[in-house]
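Let's take a walk through this one together. Have the sequence and the 3D view open side by side, and we'll go from the contact between chains down to a single residue.

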There are 2 protein chains.
Amino acid sequence: MHTDSGDLVAALDIGGTKIAGALVDGAGRPRVRARRPTPAREDGATVMAAVAAVLDELARTGEWPLVRAVGIGSAGPVDASAGTVSPVNVPGWRGFPLVAEVARRVGGLPVTLVGDGVAMTAAEHWQGAARGRADALCMVVSTGVGGGLVLGGRLRSGPTGNAGHIGHISVDLDGEPCACGSRGCVERIASGPNIARRALEAGWRPGSDGDRSAAGVAAAARAGDPVALASFDRAARALAAGIAATATLVEIEVAVIGGGVAEAGDVLFGPLREHLRDYAVLSFASGVEVLPARLGSDAGVVGAAAAAAAEAGLWGLGSGTGEGTGGGTASGM
Amino acid sequence: MHTDSGDLVAALDIGGTKIAGALVDGAGRPRVRARRPTPAREDGATVMAAVAAVLDELARTGEWPLVRAVGIGSAGPVDASAGTVSPVNVPGWRGFPLVAEVARRVGGLPVTLVGDGVAMTAAEHWQGAARGRADALCMVVSTGVGGGLVLGGRLRSGPTGNAGHIGHISVDLDGEPCACGSRGCVERIASGPNIARRALEAGWRPGSDGDRSAAGVAAAARAGDPVALASFDRAARALAAGIAATATLVEIEVAVIGGGVAEAGDVLFGPLREHLRDYAVLSFASGVEVLPARLGSDAGVVGAAAAAAAEAGLWGLGSGTGEGTGGGTASGM
């Protein structure tokens, strides 16, 4: 167990647009950063080369010798038990052995993999809005809807690192088909593109800036446009049903919401809190709080670092037994 | 920590109809039993007197000196952290201090309280269909729909002992009002009374035995009655959406289903497994198995005993830290 306050964790946040890397310290600060665009349409080896370039840049810094573990948060699905990833938006990676590929580049350091929703949750629990909470759901509402869970004070990422996928629970069993193959999923109703689509279908038209996205709908809603307000209200209702389901199933005290759609502020949070009163009605669920996320774009690397630190028993974050995150760990080969 | 194989746990299973008690051994066998009808329409003290009568009967047996802990599974809602219960069907008990009342009658023994869904889950995980499974949902589909969760090999009952309330997650956010105050809950669609109601509303009529219950609908469905089949199909769809939501949110490998409605057998399990393929589609959720429960009417006392044993560190079932069950414990006063 390493408790030396000088210990660092190398963290990777891999999404469909960018690969962000950082050396994160025990206070949750990214001390060194590196970044490459994700060559998402290229073959798997080319995507891996971009990851390797980020790692190489970090490894050339003077602080690399203080690195004790490597954490990866990746767009999902991931399989932490197998150490593989199959990000929907990176078709060149299907069952790609990311943990092994990273491990062989970091000589002997333990490597922990979690999904991006779990990573964001680890970050908010460690340093953000869920800090000090024993039981929490953290969500990202953006192009998609992702999430993660803290239960009994510890990250619950599940055997494959995918727990907390609140975007793909059905809250409308007869509802519209979702890209995942199910129907009526929270994401199908509450994601940014679906908020925009629903507003446009109901007759909303963008303002002079031409913004046809959920941000444009949010601006119109703030100005009182009833169609824009109705689209956000519907998204809020789906999020409320999903949060209520989570509170009813596992008992959580707080739901933390980040991502671009959460930046709409009261236009989302107002109706969300209102609908939550209708769906979270049982005594033990009705007290669930809804809070905006505190960490911004750093949440991915900070959370990946937290998950790896918990797995490795660094910074007092975890026991190192693997129960803490459920994330997959491989010793470097 | 007691590991003596002679240790017993005194268990109570408190429902709206009966109060069952047993002394349970480390192999999960009820060795001595006692039972009283629940005077559910009487005042709180009268209900407690019936519980005390069950305890007294157990305490008069020669095996009582081997009792090391007391476990209570109660109809919910319960509040394990406060040690109180408010069973929907026992109006005389609202915030009733059941743990304290039991503790003062058992002189110094630790008392653990969990909800009845959590107790059933503890039993199926210890001795039944979820045995050896690290991550499981166990459900009772009967007059209501209840449940409990095993996560990471341990009971997850939540801070108040109510986790796993799958009957009251909404799978139809615009659906019919549920008695709980929400709408479109799994129970509102899948409970026995709702299966019967839906069939009757659609024109089904009982057979010569006059059985208007879900069991009568099940018999008609087995004989090929299309209205009866449709009512079970709808219940199965709601259960599938709820199980899929659970698998997607927390990762489970198996869903165990008991209770009177589960006795319908293939009429329920057939369409349930079929619909599950439509709702549990993400890679990590699609493998979830559905199995019938193995323990019958003993599940309540066996599970209450398991929860108490885990809390007290008996029989190798738990660490005794309280993390095992999340149930509330009070030392006897």
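What follows is a tour of a predicted model, with stops at an interface, a helix and a loop residue.

Start where the two chains meet. Chain A puts 44 residues in contact with 44 residues of chain B. Together the two chains bury about 3,600 Å², and 59% of that area sits on carbon and sulfur atoms. Three residues stand out on the chain A side: A:Leu173, A:Leu249 and A:Glu251 supply 21% of the area that chain A buries against chain B, more than any other three residues.

Now look at the polar side of the interface. Between chain A and chain B there are 26 residue pairs in polar contact, counting pairs with both residues at pLDDT 80 or more. Helix 7 of chain A gives the largest share, with 9 residues. Sort the residues on this side of chain A by type and you get 19 nonpolar, 15 polar and 10 charged. Salt bridges cross the interface too, 4 of them. In one, A:Arg234 pairs with B:Asp174, and their closest N and O atoms are 2.7 Å apart.

Much of the interest here is in what is tucked away: B:Val267, B:Leu268, B:Phe269, B:Pro271, B:Leu272, B:His275, B:Leu276 and B:Tyr279 are buried. What covers them? The cover includes helix 6 (214-222), helix 7 (226-250), strand 11 (254-258) and strand 12 (289-292), which belong to chain B as well.

Last stop: A:Glu63, in the loop between helix 1 (44-59) and strand 4 (67-74) of chain A. A:Glu63 is partly exposed, because its relative accessible area is 24%. Setting aside neighbours within four places in sequence, A:Glu63 is in contact with A:Leu8, A:Leu23, A:Arg31 and A:Val32. With A:Arg31 there is also a polar contact of 3.0 Å between the side chains. For a sense of how the chain folds back here, compare A:Glu63 with A:Asp7: they are 56 residues apart along the chain, yet their C-alpha atoms are separated by 9.6 Å.

How values were computed: Residues numbered from 1 in each chain as written. Chains lettered and ligands numbered in written order. Predicted model: local features only at pLDDT ≥ 70, side-chain atom pairs only at ≥ 80, totals over all residues. Heavy atoms only, no water. Buried < 20%, exposed > 50% of the residue type's maximum accessible area, 1.4 Å probe, protein only. Helix = DSSP H or I, 4+ residues; strand = E, 2+ residues; numbered from the N terminus. Contact = heavy atoms within 4.5 Å. Buried area = accessible area lost by both parts, 1.4 Å probe. Salt bridge = Lys/Arg side-chain N within 4 Å of Asp/Glu carboxyl O. Polar contact = N/O pair within 3.5 Å; in protein donor to acceptor, adjacent residues only side chain to side chain. Nonpolar A, V, L, I, M, F, W, Y, C, P; charged D, E, K, R; others polar.
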